Amino acid sequence: MTETMIHLSGVTRKFGSVKALDNIELQVQRGEVMGFLGPNGAGKTTTMRILAGLLAPTEGSVAVAGVDVLEDPVEARARIGFLPENPPIYGEMTVEEYLGYLASLRRVPKGQLGGAVDRAMERCGLTAVSNRLLRNLSKGYRQRAGIAQAIVHAPDVVILDEPTVGLDPIQIREIRELIRELGGEHSVLLSTHILPEVRMTCGRVAVIHQGRIVADDALENLEKRVHGSVAHFVRFGALPDADALRRVAGVAGVTAREDGWLITSAPASDPVPELLRLSVAQGWNLRELTPAGGNLEDIFLQLTTREEKENA
Amino acid sequence: MNAILTLAVREVRGMFHSPLAWTLLAVLFSICAYMFNASLLNYQIQMMEYQAYGMRGALPLTERTIAPMLGNAAVLLLLIMPLLSMRLIAEEKRQGTWPALASSPLSPMVIVLGKYLGLLFFIAIAIGVLAIIPLALYPYGNPDTGQFLAGVVGLFLTAAAFGSVGLAASSATENPNVAAVASFGVLLLLWIVSWMGNASGGTLDKALAYFSLMNHYQNFLTGLVSSADLVYFVLLSASGLLFARHRLLAERIQG
């Protein structure tokens, strides 16, 4: 049985006359990690701030774990953990004090405070720095402290606004691991620019563009929908020109890429064997041939630019 | 209620972690001590003159030493409180910690009350320290304890009202400096608002006199604790808090 933990319906948000969000529909189920993608200024942060109770929607309704955010804002916020773009760090506190302070504001009973703080520190890899002042910690540790405060009170819903920004590769891997782990008991809404991150952590993806949700689906479906057909990236040592590629049987389209070509196949045909044969026969010197179907960048670009074409 | 206390305790600790609070306390204490000594010397001279004319008895000690010190302390607090209160909410917004509070299950009123209670703790400490100075009179003279205590209560209420105006200003901006200047302006105006009234007479005169912070505080300094003055301070403080709450609510809507 699924239980809807985040439910945005018909949410519109205006700043003055500017519509930052336009009739947003979004649902996240219990235990789901949802990726929230979109270019800068698309409305990701506004959506997250509305969910976190920092902003009220101009129209529409928002429910968190079944609690209406407008009718009962305090109760709804009790079910939420929020990491804003910049981690909300009190520099003069130690990590332990900081998490204890926020946990007690978020209704963690006094007797369980220590346990909740320890657990959050452990999950975010902060145990070793528990007595250090936050202002003396590196950006990566502050970011972890920001994530720790979002989960210290074991909320039903965790909202993370670009959680891996400013981390080194090892930390990024740990944090992604943690996010994946969070799904299951929490529902996570994760905004990011980093597309591989979505692939690694999210089951479902919503793409927002110019204040509207332009896609909301499982990752595999999204990939199928965008490409429809199979695409390959090829690189040759010596290729005369693009026209030579276009003449290959089964090739539907050729797009120039950085030191290579993206070729899409015509429906129900496979140009690869012919491509290999020609490459050998004509001495094109094939260097690389990779399926490009799973390229999230492409999905993203296609979804957001298609929208622009429609608008134009 | 628990959340209010948690916020208040953290606020007081935060203040004592910053050099600003310590500096303000040091300045307040030294200047008040200096002024108290000056008024004490003055009193001594006046007493000698008084007795040189062959008068019997003594000049009122409390009115000439403790009351002026407390009166001046209020003026000092008029300068100091905006600096103390400016950070309450504006600093959280500037530092980016505000989302952690605003996404916690706290109503705006709880946040406002928690911050304010923390400020009141600090004011109580500051005034408690100030109240030590006049104790030096007790071994040598016979100060009027009632008048002294009334003055201390009046000073606390005055500072509390200053703080509430400061909190209101701090809720309306993300820049603590702007909050300090704004609350200083409002407080100074409230302090001197009766100056215009003195000339006009009639209803306006009375209204301006009523709004004047200084007039209400003066009554406490003379040892008079009246419910009218108490109501004034409670109303002024409450309006500051309600303004701040309103700002925080409106912020969610305006963004």
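In the predicted model, the contact between the two chains draws 25 residues from chain A and 18 residues from chain B. On the side of chain A that touches chain B, helix H2 (73-78), strand S6 (80-83) and helix H3 (95-105) each supply at least two residues. Sorted by class, this side of chain A comprises 16 nonpolar, 4 polar and 5 charged residues.

Within chain B, the packing of two helices was examined. Two packed helices are described by the angle between their axes and the distance between the axes. Helix H8 (residues 145-171) of chain B packs against helix H13 (residues 227-254) of chain B at an angle of about 15 degrees, and their axes lie 8 Å apart. Because angles under 35 degrees count as roughly parallel, H8(B) is roughly parallel to H13(B). The crossing in which H8(B) passes H13(B) is left-handed. H8(B) contributes Leu157(B), Ala160(B), Ala161(B), Ser164(B), Val165(B), Leu167(B), Ala168(B) and Ser171(B) to the contact. From H13(B), the contact residues include Phe233(B), Leu236(B), Gly240(B), Phe243(B) and Arg247(B). By class, this contact of H8(B) with H13(B) has 12 nonpolar, 4 polar and 1 charged residues.

The domain assignment of chain A gives domain 1 (4-224) and domain 2 (231-292). The C-alpha centres of these two domains of chain A are 43 Å apart.

Several strands of chain A pair with one another. Strand S1 (residues 4-15) of chain A and strand S4 (residues 59-64) of chain A run antiparallel and are joined by 5 bridges. Ser9(A) stands opposite Ser61(A) in S4(A). S4(A) is also joined by 2 bridges to strand S5 (residues 67-68) of chain A, again in the antiparallel sense, with Val64(A) opposite Val67(A) in S5(A). S4(A) and S5(A) form a hairpin with 2 residues between them. In the turn of this hairpin, Ala65(A) has a positive phi of about 50 degrees.

A further group of 4 strands in chain A forms an open sheet in the order S12-S13-S11-S14, with antiparallel pairing. Strand S12 (251-257) and strand S14 (286-291) of chain A are the edge strands, and each pairs on one side only. Direction ignored, neighbouring strands of this sheet are turned by 25 degrees against each other on average. S12(A) pairs with strand S13 (residues 260-265) of chain A over 6 bridges in the antiparallel sense. Arg257(A) stands opposite Gly260(A) in S13(A).

Conventions: Residues numbered from 1 in each chain as written. Chains lettered and ligands numbered in written order. Predicted model: local features only at pLDDT ≥ 70, side-chain atom pairs only at ≥ 80, totals over all residues. Pairing = 2+ DSSP bridges. Domains from an automatic or database assignment. Contact = placed C-beta atoms within 7 Å. Nonpolar A, V, L, I, M, F, W, Y, C, P; charged D, E, K, R; others polar. Axes fitted to C-alpha atoms, helices over the stretch in contact; angles between N-to-C directions. Parallel < 35°, antiparallel > 145°, perpendicular 65-115°, else oblique. Left-handed = near helix turned anticlockwise from the far one by under 90°.
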